[in-house]
Amino acid sequence: MSSLFVRTLREDPADAEVASHKWLVRAGYIRRAAPGIYTWLPLGLRVLAKVEAVVREEMDAIGAQEVHFPALLPREPYEATGRWTEYGPNLFRLQDRRGNDMLLAPTHEEMFTLLVGDTYSSYKELPLTLYQIQTKYRDEARPRAGLLRGREFIMKDAYSFDLDDTGLEKSYMAQRGAYQRIFDRLGLEYVIVTATSGAMGGSRSEEFLFPCDIGEDTFVRSPGGYAANVEAVATLPPPPPDPAAVAALPPAVVHDTPNTPTIETLVDVANAEHPRDDGRAWTAADTLKNVVVTYVHPGGERELVVIGMPGDRQLDLKRLEAVAFPAEVEQATEDDLKTHPELVPGYIGPEVLGPNAGQGEDGERTSVRYYLDPRVVDGTAWVTGANEPGRHVFGLVAGRDFTADGVLDVAEVREGDPAPDGSGPLELARGIEIGHIFALGQKYAKALDLKVLDANGKAVTVTMGSYGVGVTRVLACIAEKYSDDAGLAWPVQVAPAHVHVVATGKDQAVFDEAERLAAALEDAGLEVLIDDRPKTSPGVKFADSEILGVPYVLVVGRGLAQGVVEVRTRATGERVELAPDAAVAHLTETVRSALS
């Protein structure tokens, strides 16, 4: 400690929102260089190397081979796959001195695909899995929470190359099993959830989420074992009404509903002035609200889209963004609405939307695209806008009185909603994404013409998978889980050292014995950090040992005169006094057991 490049801080960083951010900075593991960008200091690098080592060992164990690509890449491969545009403002773009477009890679699918295409040409050379641990870059609009949402981060990305879908399934499951072993070894709880593929594409993907209240991802799970990211939850539509009952429904009727621009005010007026014939009160679930959003396409074009859903549901923007990709989604502005004056805010109805609006004189469509929530099935009757201020239509029947361009399942998922597989009611939870695996299929292989000759000499397109672990994010999650009010409390397998020897007092004999014990622990194969600072008070040394979070602390101090030293377990606070050599034996056995 007298020569280690570390400075612990007594105050929380001003921008720290979560425990991992606070303690990694305060303990001197990382230091902020810019928003979302961090410098790694010696202790931080030691922990990072141990996390990477676990990842490498498990990748190597399934036959994956490590390579290393540059982070600075040319535009052309990403142009070929469409991602130069699709990534939008999240991509760091730059030019070299000759004016050539370059980028800082967010992921490396294109480069792996091109490398294999340049090197392999026969089915006999497959299957193949390559991986790297490399720095990635994304221009996050709102970097936050330290390492959890940064603009520069370290990721392990692996890619499998197979001749067909059967081979892909084997590669996918091998990676899935390796991920489970990685997170088990690192002491992280995880939930595997069905996910959407987003910008990556492909037929199947799963996320590994670390359940945590501060997580930005919402996921669901059921008593029967269903688990999915909310973006991937499929709503079970209700059974359609009886055709005879639908045929007997009266025609829709328009009523005056003054000052009812919200669902709440509409329900109040409907119950007060237009009660139901069956005596049941109107509720928000009886209303059809039409939500206007704007798709911002990669080229900058703005397009209005309207989504009809039951009035007791809210639009989930993250679910919509997953299906709208590569377009970005925004709330419609006043200027957007001016482009379609038929849309009367607060009173929009299906008659002016989608296929219900007809065509212009030139045969071109004049209306905005219109989609319906899966719960709006044919034969159901609704209260909805009449496209006039202060007026709503009652008894408008889906399928009879209006249709849509399609179905969009983008309403909020609520606690207690039924699981799509019938396994019970859904529970909502928060989590942090620590891994994601994709069955890519042939998207990138086709775009970049990756083919090999099969057994008959015919050129066939290779089938790919993509598999990512957020290495720095995993480290932050470990810090999030293994910390308390005093600082970090690393598990043995990733700690910067196994034992922190603390020499307290002014007696030279104490420092000499601390040095002897540290050497004995090192001779036994343990990693040791020794606090040998001669003029630092015991209080400061103990505070530093707690904030640094080394799993075991060996205190050499006043007890030495009575022939004992103290062993502290950082995570539990347990303390035991032992003879010095017995303490070495105890710590050696404890650490080896934890690492085995």
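**Figure 1. The loop that holds Pro-326 in the predicted model.** Pro-326 is situated in the loop that connects helix 9 (317–324) with strand 16 (328–331). The model shown in this and the following views is a predicted one. The peptide bond that leads from Phe-325 into Pro-326 is cis. Its omega angle is near 15°.

**Figure 2. The cis peptide bond between Leu-126 and Pro-127.** Leu-126 and Pro-127 are joined by a cis peptide bond, for which omega is about 5°. Pro-127 belongs to the loop between helix 5 (109–119) and strand 7 (128–137).

**Figure 3. Asn-259, a residue with positive phi.** Although Asn-259 is not a glycine, its phi is positive, at about 55°. The residue occupies the loop that runs between strand 13 (253–256) and helix 8 (263–273). Is Asn-259 buried or exposed? Residues with over 50% relative accessible area are classed as exposed. Asn-259 has a relative accessibility of 66% and therefore counts as exposed.

**Figure 4. Asp-449, a residue with positive phi.** The phi angle of Asp-449 is positive, about 55°, although this residue is not a glycine. Asp-449 is located in the loop between helix 11 (443–447) and strand 22 (451–453). With a relative accessible area of 52%, Asp-449 is exposed.

**Figure 5. The crossing of helix 2 with helix 12.** Helix 2 comprises residues 42–61 and helix 12 comprises residues 471–481. The axes of these two helices come within 10 Å and cross at roughly 110°. Angles of 65 to 115 degrees count as roughly perpendicular, and helix 2 and helix 12 are therefore roughly perpendicular to each other. Their crossing is right-handed. On the side of helix 2, the contact involves Gly-44, Val-47, Leu-48, Val-51 and Glu-52. These residues meet Val-471, Thr-472, Val-474, Leu-475 and Ile-478 of helix 12. By class, the residues of this contact between helix 2 and helix 12 comprise 7 nonpolar, 2 polar and 1 charged.

**Figure 6. The packing of helix 1 against helix 12.** Helix 1 (residues 19–26) packs with helix 12 at an angle of about 95°. The axes of helix 1 and helix 12 are 8 Å apart. Helix 1 and helix 12 are therefore roughly perpendicular to each other.

**Figure 7. The cysteines Cys-212 and Cys-477.** Conversely, the closest cysteine sulfur to that of Cys-477 is in Cys-212, at 6.8 Å. A disulfide requires a pair of cysteine sulfur atoms within 2.5 Å, and by this rule the count is 0 disulfides. A residue is classed as buried under 20% relative accessible area. Cys-212, with a relative accessible area of 14%, is therefore buried. Cys-477 has a relative accessibility of 0% and likewise counts as buried.

**Figure 8. The packing of helix 13 with helix 15.** Helix 13 spans residues 508–523 and helix 15 spans residues 580–595. They pack at an angle of about 35°, and their axes are 10 Å apart. The crossing of helix 13 and helix 15 is right-handed.

**Figure 9. The whole protein, as context for the close-up views.** The protein contains 15 helices and 31 strands. Its C-alpha trace spans about 95 × 70 × 50 Å along the principal axes. Of the 596 residues in the protein, 51% are buried. Among the contacts with a separation of 6 or more, 69% are between residues 24 or more positions apart.

Conventions:
Residues are numbered from 1 along each chain as its sequence is written. This is a predicted model: local features need pLDDT of at least 70, side-chain atom pairs count only at pLDDT 80 or more; totals for chains, interfaces and linings use all residues. Side-chain values use heavy atoms; hydrogens and water are left out. Axes are lines fitted to C-alpha atoms, for helices over the stretch in contact, and angles run from 0 to 180 degrees between N-to-C directions. Helices (H or I, at least four residues) and strands (E, at least two) are DSSP runs, numbered from the N terminus. Angles under 35 degrees count as roughly parallel, over 145 as roughly antiparallel, 65 to 115 as roughly perpendicular and the rest as oblique. A crossing is left-handed if the near helix is turned anticlockwise from the far one by less than a right angle, and right-handed if clockwise. Contact means heavy atoms within 4.5 Å. Ala, Val, Leu, Ile, Met, Phe, Trp, Tyr, Cys and Pro count as nonpolar, Asp, Glu, Lys and Arg as charged, and the others, Gly among them, as polar. Buried means under 20% relative accessible area, exposed over 50%, partly exposed in between (1.4 Å probe, protein chains only).
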